[in-house]
Amino acid sequence: GVGPATRLLTFIVGLGKTYEATVVLGVATDSDDADGVETRRADAETLASVTDERIAMAVAALTGEIDQIPSTVSAIKVGGRRAYDLARAGEEVELRARTVTVSRFEVTGRRADAEAIDLEVVVDCSSGTYIRALARDLGAALGVGGHLTALRRTRIGPFEVADALHEIT
């Protein structure tokens, strides 16, 4: 939304969304994304045990209606303050699980080396779903840790980024 059209965003905020993202398996961070401090790194042997079949099973378990605990650096308010402000101030942040729907969690690409596995994914989800939390939970389910390194929203409701104006006149 740009200029006067910004006020119309209120009407689309709660609609379903599609994201393209990169998930790194083998490294966990305290923010569930690349800006965080590394909290865990899987050894090469453990990482080598992460097969396509294991990834597919873990992705399937994170698809459908799930209870998701948002990242501690989310904008959710806790006692009137944003969770990310509390977390950055070194305070303990405990967020409750929320029911969200992930209607598609598809792995579209995989690159691996001895230190990490990068997965390119596409996610269709309900409003309120945290893609960083999906990356974290996928890594945890596989026993290697995980975090998000790239995220792009490509759809909200019926509006596709491919149909967006790229130049404002």
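Neighbours within four places in sequence left aside, L25 is in contact (heavy atoms within 4.5 Å) with L47, V50, I55, A116, I117, L119, L138, G139, L142, V144, G145 and G146. This is a predicted model, in which local features need pLDDT of at least 70 and side-chain atom pairs count only at pLDDT 80 or more, while totals for chains, interfaces and linings use all residues. Residues are numbered from 1 along each chain as its sequence is written, and side-chain values use heavy atoms, with hydrogens and water left out.

L25 also belongs to the largest nonpolar core, a set of 27 residues in which L25, F105 and L138 have the most contacts. A nonpolar core here is a set of buried Ala, Val, Leu, Ile, Met, Phe, Trp, Tyr and Cys residues joined through side-chain atoms within 4.5 Å, where buried means under 20% relative accessible area, exposed means over 50%, and partly exposed lies in between (1.4 Å probe, protein chains only). Two or more residues of this core come from each of β1, α2, β7, β8 and α4, these names following DSSP runs numbered from the N terminus (helices are H or I, at least four residues; strands are E, at least two). The largest share, five residues, is given by β8. Apart from this core lies another, of seven residues, and I76, A83, L86 and V93 are among them.

The strands named so far are part of an open sheet of six, in the order β4-β7-β8-β1-β9-β10, with antiparallel pairing; two strands pair if DSSP finds at least two bridges between them. At its edges are β4 and β10 (159–160), each of which pairs on one side only. On the β4 side, five bridges join β4 to β7 in the antiparallel sense, and E65 has T101 in β7 as its bridge partner. Between β7 and β8, which also run antiparallel, there are nine bridges, including the one that partners E106 with V122 in β8, and a hairpin of four residues leads from β7 to β8.

Helix α4 (residues 131–141) is largely enclosed by the rest of the structure, because eight of its 11 residues are buried. Those eight are I131, R132, A133, L134, A135, R136, L138 and G139, so that L138 and G139, both listed as contacts of L25, are among the buried residues of the helix. What covers the buried residues of α4 includes β1 (17–25), α2 (52–61), β4 (64–68), β7 (98–112), β8 (117–125) and β9 (146–156). Just after the helix, G143 adopts a positive phi of about 75°.
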